[in-house]
Amino acid sequence: MAPYKDMVYKLINNDFFKNVMVLMTGTTLAQAIPILVSPVLTRIYSPEQYGTLALFMSIVSVLAVIATFRYELSIMLPANDEDAINVFALAVLIALILSVFILLIVLGFNRQFSSWLNNPSISIWLYFVPLMVLLTGLYQCMHYWTSRHRQYPRLA
């Protein structure tokens, strides 16, 4: 029995194990909150409004993949922080430029997109797509920056 106690003690005091547990707990709580709140939200909002939200989120999700041209993945690679902050700044700048570009497209073609998506209620929400793409790009950059500095409680 003693070897198992030593093994459990080593596991619990291992930094990697602690970091995994912090991230796992944060992820579990983040996924549990919407599940717990969903009965209340389904009473407040109609199915049509949920459909509009799903359409909005799908548009944002597709554009968020290219929000930083995946440069945020490169934040982890440089050996020193000076190079990493330059990659971070580049990724943020790309996200900002792409968001402005998307805003110009939405301003010019809002009605066409609404009719193309066959959902007139999405028209007003299309103006928020550039903001959400920018915020998602910033979030992705900050996620990798905090991972680089091993600030796992902040990530959780």
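What span should the 19 residues of α3 have at 1.5 Å a residue, and how far apart are its end C-alpha atoms?

Author: The 19 residues of α3 should span 27 Å at 1.5 Å a residue, and the end C-alpha atoms of α3 are 27 Å apart, so the two values agree. The expected span is 1.5 Å times one less than the number of residues in the helix. Helices here are DSSP runs of H or I with at least four residues, numbered from the N terminus.

This is a predicted model, in which local features need pLDDT of at least 70 and side-chain atom pairs count only at pLDDT 80 or more, while totals for chains, interfaces and linings use all residues. Residues are numbered from 1 along each chain as its sequence is written, and side-chain values use heavy atoms, leaving out hydrogens and water. The pLDDT is the predictor's confidence in each residue, from 0 to 100. It averages 92 over the protein chain, with 99% of the residues at 70 or above. Confidence is lowest in helix α1 (residues 2-12), with a mean of 76, and highest in helix α4 (residues 81-116), at 97.

Within α3, the buried residues (under 20% relative accessible area, against over 50% for exposed and in between for partly exposed, with a 1.4 Å probe and protein chains only) are T52, L55, F56, V60 and A64. These residues lie on the same side of α3, because they cover an arc of only 165° around the axis; the arc is that of the directions from the helix axis to the C-beta atoms. On the face of α3 turned away from this buried side are the exposed residues P47 and V62.

The buried residues of α3 pack against α5, where contact means heavy atoms within 4.5 Å. For α5, 20 residues should span 28 Å, and the end C-alpha atoms are 29 Å apart, which agrees.

I102 touches L63, V129, P130 and V133, leaving aside residues up to four places away in sequence.

There is also a charged pair that involves α5. The side chains of R148 and D81 form a salt bridge at 3.0 Å, N to O, a salt bridge being a side-chain nitrogen of Lys or Arg within 4 Å of a carboxyl oxygen of Asp or Glu. This pair links distant parts of the chain, with R148 in helix α5 and D81 in helix α4, 67 residues apart. R148 counts as buried at 16% relative accessibility, whereas D81 is partly exposed at 38%. The count of salt bridges comes to two; R70 and E72 also meet in one, at 3.0 Å, N to O. After α5 comes R150, with a positive phi near 55°.

Methods. Helix = DSSP H or I, 4+ residues; strand = E, 2+ residues; numbered from the N terminus.
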